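Reader: Could you walk me through the terms used for this model, and what stands behind each of them?

Author: Gladly; here is the structure to look at while we talk.

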Amino acid sequence: MRVPDFYKDFVCTADRCRHSCCIGWELDIDDKTYETYCRQPGPFGDRLREAFLDIEEDGETLHTFPLREDKTCPFLNERGLCDIILEMGEANISVVCTEYPRYTRFLGDRIERTLSLSCEEVGRLLFGKTDKLTFVEVPDPAELAETEADEEAALPGNSAFADEDALSGVSVSDDEVALGELVADSDENEAEEDEAIFLDPDFIDGVRDEALAILQDRQYPIHERIVQYMTYCRQVQDEVNEALDAMMAEELEDENDEADIYGEAADVCDEESRKTTSDGGVYGDADLSDAALCDARDDAPADEMQTAPLTLAEAFEERLGILDVMVVLDEEWQGVMDHFRKTMAEPDCYEAALRSFVAGMTSEREIAYEHLMVYFTFRYFSRAVEDADIYGKAAFSTFCWLVIRDMDLLFPEVGQIETARMFSREVEHAEDNVAALMEELIFSESLKMPAVTAIIDSHFVEN
């Protein structure tokens, strides 16, 4: 299991937390915990059962604790502590409570876990680091619980992305990406109903390693590193697209009896032949072309890219429009959006404030922004295995950084931990919001190449 290097240092601050996860969050109860609560004897067992709310959804019964009118968990006491833990022990709280702020994904057969910035203690640990954020291999607790004899329980090695000597990387060259290294074994995915193309997890892991090394190369200022990062990911995406196009052309040639089915897909300019999924990826036999994967974002001919570059204020306005596609989860984020709109009413003031903010950027802020980019890249890059959209994940990470940077500019009094917490809580804990943003970013003008490099660079250029 791969985790950030500060993972082991996280401990819930409980009653000392200013933004308790026991306030404002829906509290789902997993079936095993529900059964435990149903068997709990005595007055506390009665209290548990009285607090249950069962919800019928898609033929299943879901269990939850409805929040009080003040949006607190019914078991959060006046001291800010959990009555269930005090009465029954930490082992008997629901999985959703046990796991937060941990977030788990799989990259191939490897488990990757991160800690969410929606938790202020995670922000304190991350932004308190002055050295480079690394990722290490640790034993998977679930495997250890099954059996200490399991040879797979303790994973060997210690992988640090920032260690240049340990990084062979996946560099971009003039050579075409080898399909054998790029596309996962189709036998592993033959059960997939939509016949999606899955990229090789090892390939994505290598690209991500190289991207993280670029972001952590401190001989360059952070904005130059982000430009290099976006450029690198665009180059890799172009090679991926070329390889997938070649693969599709070969399939078309080999399957003459299905020529009528694939003929429409072969026209990479036919926009009506695309089907885009809810998370911004593109699937299906008709969707493996260069156009289907990325041309909505980046593949317009060069002569069509000769439009006037967006100003800093226009790019900010576009980000605001993209954020509008999200479902607002609480009043706190609504306040952020209201302040953004008020700022947009005076675009000249925004540009002046941004340039002043950048001119006063400290080395501590540079490190914080490096950590943010590494955090988002590590967490979201693995999704490219499923949709082949490497550049889209880089664009999403850069978008997240830009929005938090805007929040730092407009809310200077709250601090880095707080702006990252507000953003993460609104975006990262609603998969629909993540999917909506990724899909909307396909059409972003400011995150296309070369516009994104011009916009990032212009932040640091004096008028």
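Reader: What makes β5 and β6 a pair of strands?

Author: Strands, here DSSP runs of E with at least two residues, as helices are runs of H or I with at least four, are numbered from the N terminus. Two strands pair if DSSP finds at least two bridges between them. Six bridges join β5 (residues 102–107) to β6, and the two run antiparallel, so they count as paired. Within the pair, Tyr103 stands opposite Thr114 of β6. Two residues lie between the strands of this hairpin, where Gly108 takes a positive phi near 65°.

Reader: What should I know about the model itself?

Author: This is a predicted model, in which local features need pLDDT of at least 70 and side-chain atom pairs count only at pLDDT 80 or more, while totals for chains, interfaces and linings use all residues. Residues are numbered from 1 along each chain as its sequence is written, and side-chain values use heavy atoms, leaving out hydrogens and water.

Reader: Why is Glu426 called buried?

Author: Buried means under 20% relative accessible area, exposed over 50%, and partly exposed in between (1.4 Å probe, protein chains only). Glu426 has a relative accessible area of 1%, so the word buried applies. Glu426 lies in helix α18, where 11 of the 12 residues are buried.

Reader: Which residues does Glu426 touch, not counting those up to four places away in sequence?

Author: Contact means heavy atoms within 4.5 Å. On that basis Glu426 touches Met326, Val327, Val328, Leu329, Asp330, Trp333 and Asn433.

Reader: Why are Trp333 and Phe423 called edge-to-face?

Author: Rings of Phe, Tyr and Trp (its six-membered ring) pair if their centres lie within 6.5 Å; planes under 30 degrees apart count as stacked, over 60 as edge-to-face and the rest as tilted. The ring centres of Trp333 and Phe423 are 6.2 Å apart and their planes stand at 65°, so this pair is edge-to-face. The pair links helix α13, which holds Trp333, to helix α18, which holds Phe423, 90 residues apart. Both residues, Trp333 and Phe423, are buried.

Reader: And what puts Arg379 over the face of Tyr103?

Author: A charge sits over a ring if NZ of Lys or CZ of Arg is within 6 Å of the ring centre and within 35 degrees of the ring normal. Arg379 lies over the face of Tyr103 at 3.8 Å from the ring centre.
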